[in-house]
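Have the model open while you read.

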Amino acid sequence: MATPATPRAIDGEKAQRIVEAMRRSIAQRGVAAATFDHVAGEAGVSRGLLHYYFGTKEALLAEVVRRECDVRITQLESQLQEAESADAFVELLRTTLERMHAEDPDFVALLFELFTMARRNEELADGFREVLSRTREHVAAVLEAKNVEGVIEIHAPADAIVDVIFALGDGLALRMVSEPDRDFSASIAAATDAVRSLIASA
């Protein structure tokens, strides 16, 4: 099994510019055309610096996704922790999906490109699995806490419910990106009802 490249400390301003440049390049050109040469030009750094920080394109892609997911996890956790009923909890999940589609469809496209690439590249797959696992654990922890507090009642293991939530969300997001002119309100309502069967008011 391939050993994933370990990026160097990547909290500096130049590293952040590189990550942002890769994200813009993917949005404009797709993953295949987002080369180190182009990203280096966009970030205003040398190609060698990309190799220094990330080693490989796959490691840089994984870092793009990791940072995006960290931001989304933080936002989602904060919102869900404030929910005081099952309806409020489910409504937040619905609005999060709709907002992501409306405001950041490029991230949806990036996510699905990486799903495909991770099947063929073990280095990228390891990083991608780590991001998915961490996302599931964080949201499941919020579910468990709300269940213990008596705010909601869950009808399956928390991590299984989170898998269902993200499977519905990811599937709908893919269709919404693929058919941008279609009205998906009825589909989103049906998905919301499905989630409500797993998360009820206590």
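Q: Which residues line the largest cavity?
A: This is a predicted model, with local features needing pLDDT of at least 70, side-chain atom pairs counting only at pLDDT 80 or more, and totals for chains, interfaces and linings using all residues. Residues are numbered from 1 along each chain as its sequence is written, and side-chain values use heavy atoms, leaving out hydrogens and water. On a 1 Å grid over the protein atoms alone, a cavity is a set of points where a 1.4 Å probe fits but cannot get out, and lining residues have an atom within 4 Å of a point. The ones lining the largest cavity are Arg23, Ile26, Ala27, Asp106, Phe107 and Leu110.

Q: Which elements give two or more residues to the lining of the largest cavity?
A: Helices here are DSSP runs (H or I, at least four residues), numbered from the N terminus. Two or more lining residues come from each of α1 (13–29) and α6 (105–118).

Q: How much space lies in the largest cavity?
A: The count comes to one cavity of 30 Å³ or more. A volume is the space filled by probe spheres set on the grid points, which are joined across faces, edges and corners. For the largest cavity, that space is about 30 Å³.

Q: How much space lies in the largest pocket, and which residues are the closest to its centre?
A: A pocket is an open set of points with protein on both sides within 12 Å along at least five of seven lines. The largest pocket holds about 950 Å³ of space. It is lined by 40 residues, and the closest to its centre are Leu76, Thr96, Met100, Phe166 and Asp170.

Q: Why is α7 called oblique to α8?
A: Axes are lines fitted to C-alpha atoms, for helices over the stretch in contact, and angles run from 0 to 180 degrees between N-to-C directions. Angles under 35 degrees are roughly parallel, over 145 roughly antiparallel, 65 to 115 roughly perpendicular and the rest oblique. The axes of α7 (residues 122–149) and α8 (residues 158–178) come within 8 Å and cross at roughly 120°. That makes the α7 and α8 pair oblique.

Q: Which residues of α5 and α6 make their contact?
A: These two pack at about 95° with axes 5 Å apart, and that makes α5 roughly perpendicular to α6. Contact means heavy atoms within 4.5 Å. On the α5 side it is Met100, His101, Ala102 and Glu103, and on the α6 side Pro105, Phe107 and Val108.

Q: What is the class make-up of the contact of α1 with α4?
A: Their axes lie 10 Å apart at an angle of about 95°, which makes α1 roughly perpendicular to α4. Among the residues that meet are Met22 and Arg23 in α1 and Leu60 and Glu63 in α4. By class, the contact has seven nonpolar, one polar and six charged residues.

How values were computed
Ala, Val, Leu, Ile, Met, Phe, Trp, Tyr, Cys and Pro count as nonpolar, Asp, Glu, Lys and Arg as charged, and the others, Gly among them, as polar.
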